[in-house]
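This briefing covers selected features of the model shown below.

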Amino acid sequence: MENNPIPDADLDRRIAGRLKALRQERGWSLDELAGRAGLSRATLSRLENAEVSPTASALGKLCGAYGLTMSRLMLMVEDDFVPLVPQQAQAVWVDGSAGFRRRSVSPPAQRLAGEVLACELAAGARIAYDSSPRPGLEHHLLMLEGELAITVDGQAHGLSQGDCLRYQLFGASEFSTPPHCGARYLLFIV
(Lines give C-alpha, C1' and ligand atoms only; values in the text may rest on other atoms or scores of the structure.)
Protein backbone atom coordinates (compact mmCIF):
# COMPACT_ATOMS: atom_id res chain seq x y z
CA MET A 1 0.00 0.00 0.00
CA GLU A 2 1.26 3.50 -0.79
CA ASN A 3 1.80 6.06 1.94
CA ASN A 4 -1.14 8.37 2.47
CA PRO A 5 -0.35 11.93 1.39
CA ILE A 6 -1.38 14.98 3.35
CA PRO A 7 -4.96 15.86 2.35
CA ASP A 8 -5.15 18.66 -0.22
CA ALA A 9 -6.88 21.60 1.52
CA ASP A 10 -7.13 23.48 -1.79
CA LEU A 11 -8.92 20.51 -3.36
CA ASP A 12 -11.34 20.46 -0.40
CA ARG A 13 -12.07 24.18 -0.97
CA ARG A 14 -12.67 23.59 -4.69
CA ILE A 15 -14.99 20.66 -3.91
CA ALA A 16 -16.86 22.85 -1.40
CA GLY A 17 -17.27 25.61 -3.97
CA ARG A 18 -18.50 23.18 -6.62
CA LEU A 19 -21.00 21.57 -4.22
CA LYS A 20 -22.42 24.99 -3.38
CA ALA A 21 -22.58 25.96 -7.07
CA LEU A 22 -24.38 22.71 -7.98
CA ARG A 23 -27.02 23.35 -5.32
CA GLN A 24 -27.47 26.98 -6.36
CA GLU A 25 -27.67 26.08 -10.08
CA ARG A 26 -30.67 23.89 -9.26
CA GLY A 27 -32.27 26.52 -7.04
CA TRP A 28 -32.30 24.16 -4.06
CA SER A 29 -32.20 25.29 -0.47
CA LEU A 30 -29.97 23.48 2.01
CA ASP A 31 -33.12 21.90 3.44
CA GLU A 32 -34.22 20.61 0.03
CA LEU A 33 -30.78 19.14 -0.68
CA ALA A 34 -30.69 17.61 2.81
CA GLY A 35 -33.92 15.76 2.02
CA ARG A 36 -32.69 14.59 -1.38
CA ALA A 37 -29.25 13.47 -0.16
CA GLY A 38 -30.12 12.14 3.29
CA LEU A 39 -27.62 14.44 5.01
CA SER A 40 -28.26 17.04 7.69
CA ARG A 41 -28.54 20.70 6.80
CA ALA A 42 -25.68 21.46 9.22
CA THR A 43 -23.41 18.91 7.54
CA LEU A 44 -24.19 20.37 4.11
CA SER A 45 -23.43 23.88 5.33
CA ARG A 46 -20.09 22.79 6.80
CA LEU A 47 -19.21 20.96 3.57
CA GLU A 48 -20.11 23.90 1.33
CA ASN A 49 -18.08 26.27 3.51
CA ALA A 50 -15.05 23.90 3.54
CA GLU A 51 -15.22 23.71 7.34
CA VAL A 52 -14.89 19.90 7.13
CA SER A 53 -13.47 17.53 4.53
CA PRO A 54 -16.15 15.47 2.79
CA THR A 55 -16.29 11.74 3.45
CA ALA A 56 -16.72 9.21 0.66
CA SER A 57 -20.18 8.42 2.00
CA ALA A 58 -21.28 12.07 2.04
CA LEU A 59 -19.93 12.70 -1.47
CA GLY A 60 -21.66 9.54 -2.67
CA LYS A 61 -24.99 10.78 -1.32
CA LEU A 62 -24.52 14.24 -2.81
CA CYS A 63 -23.50 12.84 -6.19
CA GLY A 64 -26.61 10.65 -6.10
CA ALA A 65 -28.78 13.69 -5.45
CA TYR A 66 -27.13 15.56 -8.33
CA GLY A 67 -27.06 12.58 -10.71
CA LEU A 68 -23.27 12.71 -11.03
CA THR A 69 -20.53 10.17 -10.51
CA MET A 70 -18.01 11.10 -7.84
CA SER A 71 -15.37 11.13 -10.55
CA ARG A 72 -17.42 13.57 -12.63
CA LEU A 73 -17.67 15.85 -9.58
CA MET A 74 -13.90 15.66 -9.19
CA LEU A 75 -13.45 16.52 -12.87
CA MET A 76 -15.56 19.62 -12.31
CA VAL A 77 -13.04 20.91 -9.77
CA GLU A 78 -9.97 20.09 -11.86
CA ASP A 79 -8.14 22.36 -14.25
CA ASP A 80 -8.37 22.32 -18.05
CA PHE A 81 -7.68 19.11 -19.99
CA VAL A 82 -4.09 18.07 -20.62
CA PRO A 83 -3.49 14.67 -22.23
CA LEU A 84 -0.64 13.60 -19.90
CA VAL A 85 -0.57 13.98 -16.14
CA PRO A 86 2.47 12.53 -14.33
CA GLN A 87 1.64 10.42 -11.27
CA GLN A 88 2.92 13.05 -8.83
CA ALA A 89 0.51 15.60 -10.36
CA GLN A 90 -2.58 13.36 -10.31
CA ALA A 91 -5.31 14.53 -7.94
CA VAL A 92 -5.51 12.53 -4.73
CA TRP A 93 -8.50 12.60 -2.42
CA VAL A 94 -8.40 10.97 1.00
CA ASP A 95 -11.22 10.04 3.38
CA GLY A 96 -9.15 9.28 6.46
CA SER A 97 -12.19 8.39 8.55
CA ALA A 98 -13.10 5.57 6.15
CA GLY A 99 -9.54 4.49 5.34
CA PHE A 100 -10.08 5.34 1.66
CA ARG A 101 -7.63 6.92 -0.80
CA ARG A 102 -8.51 7.69 -4.40
CA ARG A 103 -6.16 8.95 -7.12
CA SER A 104 -7.54 10.19 -10.43
CA VAL A 105 -5.21 8.45 -12.89
CA SER A 106 -6.93 9.69 -16.04
CA PRO A 107 -6.15 13.25 -17.05
CA PRO A 108 -9.25 15.27 -16.12
CA ALA A 109 -11.43 16.11 -19.09
CA GLN A 110 -15.04 17.23 -18.86
CA ARG A 111 -15.80 16.25 -22.45
CA LEU A 112 -14.47 12.68 -22.20
CA ALA A 113 -16.48 10.00 -20.38
CA GLY A 114 -14.12 7.13 -19.50
CA GLU A 115 -11.77 7.38 -16.57
CA VAL A 116 -9.45 5.35 -14.37
CA LEU A 117 -9.10 5.63 -10.60
CA ALA A 118 -6.41 4.04 -8.42
CA CYS A 119 -8.05 3.24 -5.09
CA GLU A 120 -6.85 1.98 -1.73
CA LEU A 121 -9.03 0.79 1.12
CA ALA A 122 -7.39 0.12 4.50
CA ALA A 123 -7.74 -3.16 6.40
CA GLY A 124 -11.10 -3.47 8.16
CA ALA A 125 -12.62 -0.59 6.20
CA ARG A 126 -16.15 -0.29 4.80
CA ILE A 127 -17.68 2.26 2.42
CA ALA A 128 -21.34 2.11 1.43
CA TYR A 129 -23.16 4.11 -1.23
CA ASP A 130 -26.96 4.31 -1.17
CA SER A 131 -27.45 4.58 -4.90
CA SER A 132 -25.75 4.90 -8.26
CA PRO A 133 -25.07 8.49 -9.25
CA ARG A 134 -26.21 7.56 -12.75
CA PRO A 135 -28.24 4.35 -13.26
CA GLY A 136 -26.45 1.81 -15.43
CA LEU A 137 -22.98 3.25 -14.88
CA GLU A 138 -20.43 0.68 -16.11
CA HIS A 139 -17.49 -0.23 -13.85
CA HIS A 140 -14.52 -2.55 -14.33
CA LEU A 141 -12.73 -3.18 -11.02
CA LEU A 142 -9.27 -4.77 -11.31
CA MET A 143 -7.72 -5.98 -8.06
CA LEU A 144 -4.01 -5.24 -7.74
CA GLU A 145 -3.41 -6.38 -4.18
CA GLY A 146 -5.24 -7.57 -1.07
CA GLU A 147 -8.82 -8.69 -0.59
CA LEU A 148 -12.06 -6.85 -1.26
CA ALA A 149 -15.69 -7.74 -0.71
CA ILE A 150 -18.04 -5.76 -2.91
CA THR A 151 -21.81 -5.89 -2.98
CA VAL A 152 -23.47 -4.43 -6.06
CA ASP A 153 -27.25 -4.15 -6.21
CA GLY A 154 -27.54 -6.88 -3.56
CA GLN A 155 -25.10 -9.36 -5.15
CA ALA A 156 -21.92 -10.08 -3.16
CA HIS A 157 -18.51 -10.71 -4.72
CA GLY A 158 -15.16 -11.58 -3.13
CA LEU A 159 -12.09 -10.39 -5.01
CA SER A 160 -8.38 -11.03 -4.62
CA GLN A 161 -5.25 -10.14 -6.59
CA GLY A 162 -5.74 -10.33 -10.36
CA ASP A 163 -9.54 -10.65 -10.26
CA CYS A 164 -11.65 -8.32 -12.38
CA LEU A 165 -15.30 -7.55 -11.72
CA ARG A 166 -17.33 -5.88 -14.46
CA TYR A 167 -20.74 -4.54 -13.55
CA GLN A 168 -23.38 -1.93 -14.18
CA LEU A 169 -24.45 -0.01 -11.12
CA PHE A 170 -28.15 0.69 -10.65
CA GLY A 171 -28.59 0.80 -6.87
CA ALA A 172 -26.62 0.52 -3.65
CA SER A 173 -23.04 -0.71 -3.42
CA GLU A 174 -20.65 -1.52 -0.62
CA PHE A 175 -16.88 -2.04 -0.50
CA SER A 176 -15.21 -3.68 2.50
CA THR A 177 -11.92 -5.27 3.44
CA PRO A 178 -11.18 -7.94 6.04
CA PRO A 179 -9.47 -6.94 9.31
CA HIS A 180 -6.17 -8.55 8.28
CA CYS A 181 -5.55 -6.76 4.94
CA GLY A 182 -6.55 -3.84 2.80
CA ALA A 183 -7.06 -3.60 -0.95
CA ARG A 184 -5.50 -1.76 -3.86
CA TYR A 185 -7.46 -1.72 -7.09
CA LEU A 186 -8.04 0.14 -10.33
CA LEU A 187 -11.56 1.24 -11.12
CA PHE A 188 -12.36 1.91 -14.77
CA ILE A 189 -15.58 3.91 -15.20
CA VAL A 190 -17.28 4.06 -18.59
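Glu174 is partly exposed in this predicted model, with a relative accessible area of 25%. Its side chain meets that of Arg126 in a salt bridge, at 3.1 Å from N to O. Arg126 lies in strand 4 (residues 126-129) and Glu174 in strand 8 (residues 173-176), so the pair ties together parts that are 48 residues apart in sequence.

- Arg126, the partner of Glu174 in the salt bridge, counts as exposed at 52% relative accessibility.
- Ser173 also belongs to strand 8.
- Ser173 has a relative accessible area of 7% and is buried, whereas Glu174 is partly exposed.
- When neighbours within four places in sequence are left aside, the contacts of Ser173 are Ile127, Ala128, Tyr129 and Thr151.

**Other salt bridges**

- The model has eight salt bridges in total, and the pair Arg126 and Glu174 is one of those described here.
- A salt bridge joins the side chains of Arg18 and Glu25, with an N to O distance of 3.1 Å.
- Glu25 counts as exposed, with a relative accessibility of 54%.
- Asp31 and Arg41 form a salt bridge through their side chains, at 3.2 Å from N to O.
- Because Asp31 lies in helix 2 (residues 30-37) and Arg41 in helix 3 (residues 41-48), this pair ties together parts that are 10 residues apart in sequence.
- Asp31 counts as exposed at 51% relative accessibility, while Arg41 is partly exposed, its relative accessible area being 45%.

**Helix 2 against helix 3**

- The angle between helix 2 and helix 3 is about 110°, and their axes are 9 Å apart.
- The two helices, helix 2 and helix 3, are therefore roughly perpendicular to each other.
- On the helix 2 side, the residues that meet helix 3 are Leu30, Asp31, Leu33 and Ala34.
- On the helix 3 side, the partners are Arg41, Leu44, Ser45 and Glu48.
- Sorted by class, the residues in the contact of helix 2 with helix 3 are four nonpolar, one polar and three charged.

- Helix 4 (residues 56-66) has 11 residues, eight of which are buried, so the helix is largely enclosed by the rest of the structure.
- The buried residues of helix 4 are Ala56, Ala58, Leu59, Gly60, Leu62, Cys63, Ala65 and Tyr66.

**Helix 2 against helix 4**

- Helix 2 and helix 4 cross at roughly 105°, and their axes come within 8 Å.
- That angle makes helix 2 roughly perpendicular to helix 4.
- From helix 2, Leu33, Arg36 and Ala37 meet Lys61, Leu62, Ala65 and Tyr66 of helix 4.
- The contact of helix 2 with helix 4 comprises five nonpolar, no polar and two charged residues.

**Helix 1 against helix 4**

- Helix 1 (residues 9-25) packs with helix 4 at an angle of about 30°, their axes lying 11 Å apart.
- That makes helix 1 roughly parallel to helix 4.
- The crossing of helix 1 past helix 4 is left-handed.
- Helix 1 contributes Ile15, Leu19, Leu22 and Arg23 to the contact, and helix 4 contributes Leu59, Leu62 and Tyr66.
- By class, the residues in the contact of helix 1 with helix 4 are six nonpolar, no polar and one charged.

**The loop at Gly99**

- Gly99 sits in the loop between strand 1 (92-95) and strand 2 (100-104).
- With a relative accessible area of 25%, Gly99 is partly exposed.
- Not counting residues up to four places away in sequence, Gly99 touches Glu120, Leu121 and Ala122.
- Gly99 and Val190 are separated by 91 residues in sequence and by 25 Å in space, C-alpha to C-alpha.

Terms used
Residues numbered from 1 in each chain as written. Predicted model: local features only at pLDDT ≥ 70, side-chain atom pairs only at ≥ 80, totals over all residues. Heavy atoms only, no water. Buried < 20%, exposed > 50% of the residue type's maximum accessible area, 1.4 Å probe, protein only. Helix = DSSP H or I, 4+ residues; strand = E, 2+ residues; numbered from the N terminus. Axes fitted to C-alpha atoms, helices over the stretch in contact; angles between N-to-C directions. Parallel < 35°, antiparallel > 145°, perpendicular 65-115°, else oblique. Left-handed = near helix turned anticlockwise from the far one by under 90°. Contact = heavy atoms within 4.5 Å. Nonpolar A, V, L, I, M, F, W, Y, C, P; charged D, E, K, R; others polar. Salt bridge = Lys/Arg side-chain N within 4 Å of Asp/Glu carboxyl O.
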